[in-house]
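Here are my notes on the model you sent over.

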Amino acid sequence: MKVYVNYDDARWRKYKIDFRRIAAAAGPRRPGAEVSITLVDDAAIHRLNKEYRDMDRATNVLSFELGDEILLGDIYISLDTVAREAAAAGISVAEHTAHMVVHGMLHLQGYDHIRDDEAAVMESREVEILKNLGIKNPYADEAPAGARGMRGWVRALGLALAGAASSFGFAPFHLWPVTMLAIGAAYWILTSAPRAGVARTFMRAAPFGAAYGVAMFWWALSSIYVVPELARQFAIWTVPGLLGLGLAGALVFSIPFVATTRARGAARIFVFAGVWSAVLWAREWMFTGFPWNPIANIMLPVPAVANAMALFGALGLTFVLVGIIAGAVEILRDKKCAMCWISWFAFILMLFGGGMYGRRNIYMSDVMPDSSVPLVRVVQPATSQDQKMSYSRADAVARAERNVRNLLALGAGGDGARPDLIVYPETTYPFVITDDDMPFSKILDTNVILGATSYRDGRLYNSMIVADRAGRVVHAYDKAHLVPFGEYGPLGIMPSPANLASGAGRVVLDIDAGAGRFVFAPAICYEIIFSDSLIPDGVTPNAIINITNDTWFGRTPGTYQHLDMVRRYAIESGVPVIRANYSGISAFVAPDGRVPSMLPVGRTGVLDGRVNGAHMTAYRALGRDAWILIILIIASVGAAVAARHRD
């Protein structure tokens with residue numbers, strides 16, 4: 001094969017590269033075939049890219065295929081870009097140039113890398129040719145074994161630190177820039193590493209996911225130590241629990257990074273953001289579900305941005321934020337990547353659109369309640385879990401009677417007018433409900449909602465009991481989404497302090513309170529963290545009433561993050577939330593996520609307030625599953641367009 005080499009930039013001559021040998025190794029076995037290789041600088045290849053490829057930047061190699069069996073075409077290689085890339089990879093200019101020649105020759109023979117399957121074929125052919133030339137695989141880590149091991153440990157440590165740091169954007173810290181920078185750092189590290197397969201990429205990303213999982217959810221294990229008697233029984237599960245959190249984190253939060261294995265440049269931005277959102281969606285229902293702390297929640301200190309969740313939910317805001325993070329990294333990596341700029345700007349526009357809708361949601365929520373709206377009193381007993389435990393039948397009865405007197409005194413207290421409705425937290429009432437008689441509300445002479453264990457049909461339920469002022473139980477809502485390991489034992493073999501039956505699910509209840517019927521959606525404990533879990537389609541209640549007991553988690557981040565999950569649900573649904581928490585934080589939450597009033601952790605007291613401003617949001621109108629479909633379509637189209645404009 002004839003190879004014509006043109007030195008347009010004389011600097012190339014000092015490298016003494018045998019272009020003819022390299023081109024022949026990668027070319028067709030046809031006598032008479034010809035190829036032209038022109039060696040240029042960045043300015044020259046930039047002009048060619050702009051004129052013939054509609055790309056306003058320099059690249060390492062540019063091929064012009066003629067489609068002729070004899071005259072294969074022309075290859076242009078820029079010394080400036082090749083030298084920079086070689087230095088970054090720690091290889092010689094000659095080695096990297098050989099790769100560019102082989103790459104260009106394969107393009108002239110019809111190979112391409114626009115689609116992932118095409119890229120895999122082309123790369124494997126490049127590796128084979130370069131191996132025959134005595135050149136190492138450019139897509140593998142080429143450092144010596146000792147250096148490679150050290151680099152791997154450094155990378156793993158950096159990723160673990162990034163994973164742990166990512167938790168600081170959430171309550172109670174609310175350092176959202178730290179989370180964005182930490183995720184960006186992990187993305188930079190993992191996408192800058194040599195290309196690898198799915199399994200190896202997963203192993204690389206695992207330190208980030210494991211540290212992220214432990215830093216985010218360690219507080220769940222603190223419940224083991226709240227009651228000494230339970231601690232003696234369950235403390236043995238602490239280390240396995242931490243290992244389980246790390247393993248789960250590695251499995252779940254490594255997925256977005258693994259998904260970028262075959263994507264490149266701007267296409268990688270859409271893949272990363274889309275898969276991260278898909279992982280959040282899957283966490284809603286897989287293995288009973290636990291969609292705790294979507295990335296969207298870090299924006300709760302920024303109301304206009306947080307209220308974008310009224311448009312496209314936490315799924316959409318997470319998609320946008322992660323896309324902005326990945327786009328910024330790609331731009332920092334290559335400031336001349338026009339498609340990276342375009343993709344990043346597309347996510348900025350989505351954020352702007354969400355923010356504009358968010359401002360509308362704030363306006364719709366800013367409705368002052370009038371006197372016709374029921375006055376609601378939230379009671380926070382703030383009794384420790386140890387104080388609630390009983391050690392004998394006589395002791396249990398005595399404690400229960402003291403608790404009832406205390407609850408009645410708290411409910412009858414307060415400085416204002418008599419409330420139309422008193423809301424007590426989850427597991428407040430110390431006796432099991434077996435019939436429709438509730439003297440508690442009759443004594444208080446008002447409507448009462450309280451958490452209690454109820455017994456029906458031979459099964460125990462964690463229930464929200466609604467009683468009218470006559471002392472009759474008018475509704476009993478049973479918790480539908482039970483807590484694994486706390487309210488039931490998964491698979492029937494795992495440990496759990498209780499074994500409760502689950503209820504039917506989302507419903508709206510009403511009660512005669514104030515000037516008319518007060519309609520609300522009930523939620524017990526963490527049921528409120530699941531999108532679309534509470535309000536039936538086509539209904540807009542006056543409020544959501546969430547009763548919970550976070551005593552198990554004390555002042556750990558979990559208590560504060562649980563409130564933020566309530567704020568997220570209020571924004572997504574456009575419905576205010578009345579929250580009664582046994583030990584705090586009890587609160588009134590507006591439909592835009594504001595907290596007009598609250599009782600902090602550990603304080604015994606009552607909170608009186610009225611709610612208003614309930615309205616339909618775009619997110620609730622379409623629903624969680626419709627929005628993830630829209631997000632994945634945007635991600636797929638964006639990735640496809642970006643891939644088509646890839647070098």
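1. Let's start with the cysteines. The torsion about the S-S bond of Cys337 and Cys340 is about 70°, so that disulfide is right-handed. The two sulfurs sit 2.4 Å apart, and a disulfide here is a pair of cysteine sulfur atoms within 2.5 Å. The structure holds one disulfide. Both partners are buried (under 20% relative accessible area; exposed is over 50%, partly exposed in between, with a 1.4 Å probe and protein chains only). Cys337 comes in at 8% and Cys340 at 2%. Cys525 counts as buried too, at 12%.

2. A word on where this comes from. This is a predicted model, in which local features need pLDDT of at least 70 and side-chain atom pairs count only at pLDDT 80 or more, while totals for chains, interfaces and linings use all residues. Residues are numbered from 1 along each chain as its sequence is written, and side-chain values use heavy atoms, leaving out hydrogens and water.

3. Now the overall picture. The chain has 647 residues, and 52% of them count as buried. Its C-alpha atoms fill a box of roughly 105 × 50 × 40 Å along the principal axes. Of the contacts (heavy atoms within 4.5 Å) between residues at least 6 apart in sequence, 68% join residues at least 24 apart. The secondary structure comes to 21 helices and 16 strands; these are DSSP runs numbered from the N terminus, with helices being H or I of at least four residues and strands E of at least two.

4. Which strands make up the open sheet, and in what order? Six of them, running β9-β8-β7-β6-β5-β16 with mixed pairing; two strands pair if DSSP finds at least two bridges between them. β9 (473-478) and β16 (605-609) are the edge strands, each with a single partner, so one side of each has no neighbour in the sheet. On average, neighbouring strands are turned by 30° against each other, direction ignored; the axes are lines fitted to C-alpha atoms. Inside the sheet, β7 (residues 447-456) and β8 (residues 459-467) pair antiparallel over nine bridges, and Thr453 has Asn462 in β8 as its bridge partner.

5. Have a look at β11 (residues 516-524) as well. Five bridges tie it to β10 (residues 509-513), antiparallel, with Asp512 opposite Arg517. Two residues lie between the strands of that hairpin, and Gly514 takes a positive phi near 70°. β11 also pairs with β12 (residues 543-548), this time parallel and again through five bridges; Ala521 stands opposite Ile544 there.

6. On to two helices. α7 (residues 176-192) has 17 residues and reaches 24 Å between its end C-alpha atoms, close to the 24 Å expected; the expected span is 1.5 Å times one less than the number of residues. Its buried residues include Met180, Ile183, Tyr187 and Leu190. An α-helix has 3.6 residues a turn, so residues three or four places apart point the same way.

7. α8 (residues 198-217) has 20 residues and should span 28 Å; its end C-alpha atoms are 26 Å apart, which agrees. This helix bends by about 40° at Ala205, and Pro207 follows within four residues; the bend is the angle between axes fitted to the seven residues ending there and the seven starting there. Among the buried residues of α8 are Arg204, Ala205, Pro207, Phe208 and Tyr212.

Conventions
Axes fitted to C-alpha atoms, helices over the stretch in contact; angles between N-to-C directions.
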